[in-house]
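Colleague: I've got a model open and would like to go through some of the labels. Can you show me what we're looking at?

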Amino acid sequence: MGQSLFISIGLPVSLFIIMIGMGLGLTLGDFAKEAKHPRAAIVGSIGQLVVLPALGFLVAWGLGLPPAIAVGLVILAACPGGATSNVITYLARGNVALSIVVTAIASIATIMTLPLLVNQALSWQLGKSADVTMPVVDTITMLVIIVLLPTGIGMLVRAASAAR
């Protein structure tokens with residue numbers, strides 16, 4: 001019970017606070033730069049939405065994994081990075097604005113791509129498909145609450161303190 005409470009409440013709250021901290025280091029100019037030069041975001045999104053799932057299929061095939069493990073590997077490879085990838089990017093002193101843009105693109109695109117990839121993996125491994133659906137509203141809500149809102153709050157705090 002304690003562990004599930006930590007995961008369901010503590011982890012999202014922690015990520016929210018961390019994302020505020022990352023927002024403190026960002027400006028609208030950082031995102032404008034990504035919009036003016038979208039090549040990195042496009043390449044990153046293709047990598048996350050196409051290359052990683054393809055590698056998941058390739059590794060599962062190459063290792064001859066049992067069907068349940070193979071399908072699980074493909075599901076993991078097809079899922080977006082989420083807020084934790086932004087934290088790792090920040091800790092590695094990477095381009096956090098780019099990471100947030102790719103996270104947002106991948107999270108929205110995954111609503112369509114994940115069911116397709118899961119069905120492909122199930123068909124490949126088990127010879128049948130399943131009715132896989134993504135919780136569209138929940139996915140968008142989590143993206144906004146855990147990534148976009150706290151980053152925006154941090155950016156607003158930075159702008160307000162710079163204006164003084």
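Colleague: How many nonpolar, polar and charged residues does the lining of the largest pocket have?

Modeller: The lining has 14 nonpolar, 7 polar and 1 charged residues. Here Ala, Val, Leu, Ile, Met, Phe, Trp, Tyr, Cys and Pro count as nonpolar, Asp, Glu, Lys and Arg as charged, and the others, Gly among them, as polar. Keep in mind that this is a predicted model, where local features need pLDDT of at least 70 and side-chain atom pairs count only at pLDDT 80 or more, while totals for chains, interfaces and linings use all residues. Residues are numbered from 1 along each chain as its sequence is written, and side-chain values use heavy atoms, with hydrogens and water left out.

Colleague: Which residues lie nearest the centre of that pocket?

Modeller: Pro80, Gly82, Ala83, Ser107 and Met142, out of 22 lining residues. Helix α7 (136-163) gives the most to the lining, with 6 residues.

Colleague: What makes the contact between α5 and α6?

Modeller: Ser85, Asn86, Thr89 and Tyr90 of α5 meet Val96, Ser99, Ile100 and Thr103 of α6, where contact means heavy atoms within 4.5 Å. By class, these residues split into 3 nonpolar, 5 polar and no charged.

Note on methods:
Helices (H or I, at least four residues) and strands (E, at least two) are DSSP runs, numbered from the N terminus. On a 1 Å grid over the protein atoms alone, a cavity is a set of points where a 1.4 Å probe fits but cannot get out, and a pocket is an open set with protein on both sides within 12 Å along at least five of seven lines; lining residues have an atom within 4 Å of a point.
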